[in-house]
Amino acid sequence: MNVMIRCLRSRLLLLLVLFSLCFSLSAWSQSSGNESFPAGSTQGTAEMSEGLTGIDFPNITFSASAPQDGHQIAFSIELLLLLSILTLAPSIMLLCTCFLRFSIVLDFIKRALSLQQVPPTAVLNGIALFMALFCMRPTFQKLYTDAFKPLSNNEITLTEAYSKAEKPIKEWMFSQMSEKQAYKTYVGSFMKMAGMEQPRNLSEVPMTVIIPAYILHELTVAFKIGILLYIPFIIIDMVVASILMSMGMMMLPPVQISMPFKLMLFVLVDGWGLLTTQLFNSVM
């Protein structure tokens, strides 16, 4: 039986080889003549027309050489540091503005309402970003007028532009820590850890001190606001849980029942309007 199967396979293979060979010979004979092959196709050439010209590709080269003096080494280091700062610029700007406070408070209200997916985190961050841009507009305008515009007109150097740009940012962060207790707690602590003397005015506070102090202050204020936002919604959760326990519905999740009541309360008191208004008032 196996021998017969092998014989059939060999014969079929031989027939396929003969068929393909005959087909190739017929195709070659047709294409070698004047008739177009396959039928219905037009004759063509591989020659380029005289009116056509090729595309000139530019010659791109890259070379690296060792620095010849200390000035070139310093310039390379400055360029590397500048690229690093540009990479971290979005994070630095977000931490030095009121975006940090707004984003944390909006996330707190989402958790207090027991909402998981609505509104999405990207939407809340977008709201916080545009609110921060609105509040920081005078500061950014002053930064553009005093630092960026003169630098673009070659009126001042890069060092002078940096010193002029840090002044409005410092004033903004210091205005948020205007309370004496907050100033002593954060700025005084970082100055003490850095081994510096207590500053007499704002100009003596370096950016390496005021930025972390401002971040810790914003985190503290945002968490205080979040705790106050949680209180009315916690009361609703406790009342709903007590009612369900008294009715013997211990298997029913209280959050599933309390969430519609919290949403109705938030909408009836115009929660988004009150929240944004109070956030603006807290930084302006």
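**Confidence, pockets and one buried serine**

Visitor: Over residues 30–34, what does the pLDDT stay under, and how many contacts beyond four places in sequence does the model have there?

Guide: In this predicted model, pLDDT (the predictor's confidence in each residue, from 0 to 100) stays under 50 over residues 30–34. The model has four contacts beyond four places in sequence for this stretch, a contact being heavy atoms within 4.5 Å. Where pLDDT is low, the predicted coordinates should not be read in detail.

Visitor: Where in the protein is confidence lowest, and where is it highest?

Guide: Helix α1 (residues 2–32) has the lowest confidence, at a mean of 57, and α3 the highest, at 88. A helix here is a DSSP run of H or I with at least four residues, numbered from the N terminus. The protein averages a pLDDT of 75, and 71% of the residues score at least 70.

Visitor: Why does S103 count as buried?

Guide: Buried means under 20% relative accessible area with a 1.4 Å probe and protein chains only; S103 stands at 15% and therefore counts as buried. S103 belongs to helix α3 (residues 99–112). Apart from neighbours within four places in sequence, S103 is in contact with N125 and A128.

Visitor: What makes a space a pocket?

Guide: On a 1 Å grid over the protein atoms alone, a pocket is an open set of points where a 1.4 Å probe fits, with protein on both sides within 12 Å along at least five of seven lines. Its lining residues have an atom within 4 Å of a point. The largest pocket holds about 1200 Å³, the volume being the space filled by probe spheres set on the points, which are joined across faces, edges and corners.

Visitor: Which residues and elements line the largest pocket?

Guide: The lining has 25 residues, with L82, I85, L158, Y162 and A165 closest to the centre. Two or more residues each come from α2 (70–95), α5 (137–152), α6 (158–176) and α8 (207–246). The largest share, ten residues, is from α2.

Visitor: How does that lining divide by residue type?

Guide: There are 21 nonpolar, two polar and two charged residues. Ala, Val, Leu, Ile, Met, Phe, Trp, Tyr, Cys and Pro count as nonpolar, Asp, Glu, Lys and Arg as charged, and the others, Gly among them, as polar.

Visitor: On what basis are these values computed?

Guide: Residues are numbered from 1 along each chain as its sequence is written, and side-chain values use heavy atoms, without hydrogens and water. Local features need pLDDT of at least 70 and side-chain atom pairs count only at pLDDT 80 or more, while totals for chains, interfaces and linings use all residues.

Definitions and conventions
Buried means under 20% relative accessible area, exposed over 50%, partly exposed in between (1.4 Å probe, protein chains only).
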